[in-house]
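I opened this model to look up how its chain is packed, and these are my notes in the order in which I took them.

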Amino acid sequence: MGIIGTDIKPFKATAFQAGKDFFDVTDEDVRGKWAVFFFYPADFTFVCPTELEDLGEHYDMLQKLDVEVYGVSTDTHFSHKAWHDTSDKISKLAFPFLGDQNHELARNFDVLREGVGLADRATFVVDPDGVIQLMEQTCEGVGRNANELVRKIRAAQYVRANPGQVCPAAWEEGKDTLAPSLDLVGKI
């Protein structure tokens with residue numbers, strides 16, 4: 001999948017967000033800040049609410065990092081609202097959910113299970129220029145970890161703000177980074 005480093009494709013989706021009317025989100029709305037597209041197979045499922053709740057517990061922190069989060073499944077915005085209105089876990093979530101019943105987003109990010117009509121469990125981090133910087137995809141039964149997502153976003157933001165620096169494995173904010181050079185080859 002050669003999607004890292006590419007621009008997000010044009011899209012328009014209707015969103016549900018607690019406390020707001022339905023509203024449209026486009027690729028142009030995403031530009032200018034960091035964004036997470038958090039794809040999951042379907043509303044009213046099993047692993048998905050645990051992942052979304054975990055992500056929701058990090059939403060305020062992500063907002064402070066100038067990151068917007070979009071939950072995305074191939075359900076409609078009406079289904080997202082119904083799930084929000086009936087689930088204890090989902091009702092706590094403040095980030096918008098994008099309806100993708102026409103599969104435009106799932107196809108744009110290459111996570112649609114053709115013939116099934118569901119999105120794979122996948123996360124994409126898009127920078128303020130609309131370029132995909134990170135992605136993670138797991139199998140159906142394996143949930144994601146929002147702590148690790150936040151760590152990766154901080155690393156991507158650091159690298160963007162500090163050209164010529166890279167973040168080594170398990171890098172945490174405030175830890176040493178590397179400046180790639182021939183002097184380092186074979187010494188790390």
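The model is a predicted one, in which local features need pLDDT of at least 70 and side-chain atom pairs count only at pLDDT 80 or more, while totals for chains, interfaces and linings use all residues. I number residues from 1 along each chain as its sequence is written, and side-chain values use heavy atoms, with hydrogens and water left out.

**Entry 1: Ser79**

I looked up Ser79 in helix 4 (residues 77–86), where helices (H or I, at least four residues) and strands (E, at least two) are DSSP runs numbered from the N terminus. Is Ser79 buried or exposed? Its relative accessible area is 19%, so Ser79 counts as buried. Taking contact to mean heavy atoms within 4.5 Å, and leaving aside neighbours within four places in sequence, I found Ser79 in contact with Asp43 and Phe44.

**Entry 2: the whole chain**

I then turned to the chain, which has 6 helices and 9 strands. Its radius of gyration is 17 Å, close to the 16 Å that the globule rule gives for 188 residues, so the chain is as compact as a globular protein of that length. For that comparison the radius is taken over C-alpha atoms, and the rule is 2.2 Å times the number of residues to the power 0.38. Along the principal axes, the C-alpha atoms fill a box of roughly 55 × 30 × 30 Å. Of the 188 residues, 45% count as buried, and among contacts with a separation of 6 or more, 66% are between residues 24 or more positions apart.

**Entry 3: strand 4**

Why is strand 4 (residues 67–73) described as largely enclosed by the rest of the structure? I found that 7 of its 7 residues are buried, and therefore the description holds. In a regular strand the side chains alternate between the two faces of the sheet. In strand 4, Val67, Val69, Gly71 and Ser73 point one way, Glu68, Tyr70 and Val72 point the other way, and all are buried.

I next checked the partners of strand 4, counting two strands as paired if DSSP finds at least two bridges between them. Strand 3 (residues 34–39) runs parallel to strand 4 and is joined to it by 6 bridges, with Val36 standing opposite Val69. Strand 5 (residues 97–99) also runs parallel to strand 4, joined by 3 bridges, and there Gly99 is the bridge partner of Ser73.

**Entry 4: pocket and cavity**

Grid points are joined across faces, edges and corners, and a volume is the space filled by probe spheres set on the points.

The largest pocket has a volume of about 150 Å³. It is lined by 13 residues, of which Leu134, Lys152, Ala155, Ala156 and Val159 lie nearest its centre. Strand 9 (132–138) and helix 6 (146–161) are the elements that give two or more residues to this lining, and helix 6 provides the largest share, 6 residues. I sorted the pocket lining into 8 nonpolar, 1 polar and 4 charged residues, counting Ala, Val, Leu, Ile, Met, Phe, Trp, Tyr, Cys and Pro as nonpolar, Asp, Glu, Lys and Arg as charged, and the others, Gly among them, as polar.

How many cavities of 30 Å³ or more are there? I found 1 cavity of that size by this rule, and the largest cavity has a volume of about 60 Å³. Its lining consists of Thr123, Phe124, Val125, Leu134, Met135, Glu136, Leu149 and Lys152, with strand 8 (121–126), strand 9 and helix 6 each supplying at least two residues.

**Entry 5: Val111**

Lastly, I looked up Val111, in the loop between helix 5 (104–108) and strand 6 (112–113). Val111 is buried, with a relative accessible area of 0%. Apart from neighbours within four places in sequence, its contacts include Phe39, Leu118, Phe124 and Gln137.

Technical notes:
Buried < 20%, exposed > 50% of the residue type's maximum accessible area, 1.4 Å probe, protein only. 1 Å grid on protein atoms, 1.4 Å probe; cavity = no way out; pocket = protein on both sides within 12 Å on 5 of 7 lines; lining within 4 Å.
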